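Dear colleague,

I am passing on the structure below, together with some notes on what turned up in it. Please read the notes with the coordinates open beside them.

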Amino acid sequence: MHATSILGDNVGLLDVIDLVKYFPIRKGVFGRIVGYVRAVDHVTFSIGENETFALVGESGSGKTTTAKCILGLLKPTSGKIVFMGKNIVELKGSEAKWYRRNVQAVFQNPFLSLNPRMKVEDIVAEPLKVHNKDLPKDEVKKIVYDVLERVGLTKALAKRYPYDLSGGQAQRVAIARAIVLKPKLVVLDEPTSALDVSVQAQILNLLVDLKNELKLSYLMISHDLSVVRYISDWVAVMYLGKIVELAPTEELFEKPLHPYTQALLSAVPEPDPKIMKSKKRIVLPGEPPSAINPPPGCRLHPRCPYAKDKCRVEEPKLIEYERNHWVACHLYTRR
Ligand code: SF4
């Protein structure tokens, strides 16, 4: 990502510009709109070629809704999602098909995302058949078997059904299906959180290898900061529908600026017990407020230990506090 492209002229592989997604709340027999859930509220970021960009935050932060808008599963209320120069919100026909081919997804629970009535080889072949109708059968088979081998699955598994697979094997099938069309961007929605810890590392290593080999870009959606640190180049932290901090991964982990990011990182376990013991846990009081009626000013102010009068009335803007390090908090002013 080019940080200047957050609000400037540079174009990434995918630019999300001022994205808004509100869900109307209806009441009464006539379905009158009485309010909105402000799930995603003016979010802007950019993903470059061969980069992994992570969106992190608690549930309800808006990260999954953002991903669904990018995947075309939800229509944005406003804003643009620009992929290779084209606003995908406006794409139709062959251009929409071109986009679906180039942007694939791997979801949290592979057993829910794989058709239980299809064999593994048919699951992986399906996107090829949809997008390359004229491809000969033996060519399809060759591609499918090559991809299965690439994700670490044997030929014997190709004839099985999803219920006959382990969680790790099923997620490898989901990854094979996602890469079989050689996409440019893969959305990874908590791809390891439903797996055993022993399998998580194998899947993460596979994703890293595939990224390098196929020059993929990833949008990673996760609440697991250890996973994010391992796999991502950039991290954006979301709170109640807003990005509150955005930086290169190591910069964010070494020097978190926003009080919410500091609290999130303080809860990440350390492998070294000595470091873990000396680590000070920051616990923000209360729960995140409702996205139906978010607090005025800074949305964190009811829970923030540093809140001052200004925080209660004025919403902080996302500013580039240091080169490539963006934060939305009144504790920081542009240098
Ligand atoms: Fe805390 Fe104020 Fe910064 Fe919000 S703007 S995070 S309330 S200090």
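Gly-241 is buried, because its relative accessible area is 0% (buried means under 20% relative accessible area, exposed over 50% and partly exposed in between, with a 1.4 Å probe and protein chains only). The model is predicted, so local features need pLDDT of at least 70 and side-chain atom pairs count only at pLDDT 80 or more, whereas totals for chains, interfaces and linings use all residues. Residues are numbered from 1 along each chain as its sequence is written, and side-chain values use heavy atoms, with hydrogens and water left out.

The place of Gly-241 is in the loop between S9 and S10, where strands (E, at least two residues) and helices (H or I, at least four residues) are DSSP runs numbered from the N terminus. If neighbours within four places in sequence are left aside, Gly-241 is in contact with Arg-38, Ala-39, Val-40, Asp-41, Val-43 and Ser-61, contact being heavy atoms within 4.5 Å. Gly-241 and Lys-21 are 220 residues apart in sequence, and their C-alpha atoms are 8.9 Å apart in space.

Leu-240 is found in the loop between strand S9 (234-239) and S10, and this residue counts as buried because its relative accessibility is 5%. Most residues other than glycine have a negative phi. Leu-240, which is not a glycine, has a positive phi of about 45°. A positive phi is also found at Asn-324, a residue other than glycine, where the value is near 65°; Asn-324 lies in the loop between strand S11 (319-322) and S12.

Lys-242 lies in strand S10, which covers residues 242-248, and Lys-242 counts as buried because its relative accessibility is 15%. The side chain of Lys-242 reaches the backbone oxygen of Asp-41 at 3.3 Å, which falls under the heading of polar contacts: a pair of N or O atoms within 3.5 Å, of which, within protein, one must be able to donate a hydrogen and the other to accept it, while residues adjacent in sequence count only if both atoms are side-chain atoms.

Ser-61 lies in the loop between strand S3 (52-56) and helix H1 (63-70), and Ser-61 is buried because its relative accessible area is 3%. The side chain of Ser-61 reaches the backbone oxygen of Glu-58 at 2.8 Å. With neighbours within four places in sequence again left aside, Ser-61 is in contact with Ala-39, Met-238, Tyr-239, Leu-240, Gly-241 and Lys-242.

His-325 has its place in strand S12 (residues 325-327) and counts as buried because its relative accessibility is 0%. The side chains of His-325 and Glu-251 are joined by a polar contact of 2.7 Å. Among the residues that His-325 touches, not counting those up to four places away in sequence, are Glu-245, Leu-246, Ala-247, Lys-255 and Ile-319.

Two residues of another loop come next. Ile-88 has its place in the loop between S5 and H2, and Ile-88 is buried because its relative accessible area is 11%; apart from neighbours within four places in sequence, Ile-88 is in contact with Cys-69, Ile-70, Ile-81, Phe-83 and Tyr-99. Val-89 is placed in the loop between strand S5 (86-87) and helix H2 (93-102), and Val-89 counts as partly exposed because its relative accessibility is 31%. Beyond its neighbours within four places in sequence, Val-89 is in contact with Pro-76 and Ile-81.

Finally, the ligand. Of the 13 residues around the ligand, Cys-298, Cys-304, Cys-311, Cys-329 and His-330 come nearest, a residue being near a molecule or strand if one of its heavy atoms lies within 4 Å of it. The shell around the ligand divides into ten nonpolar residues, three polar and no charged, where Ala, Val, Leu, Ile, Met, Phe, Trp, Tyr, Cys and Pro count as nonpolar, Asp, Glu, Lys and Arg as charged, and the others, Gly among them, as polar.
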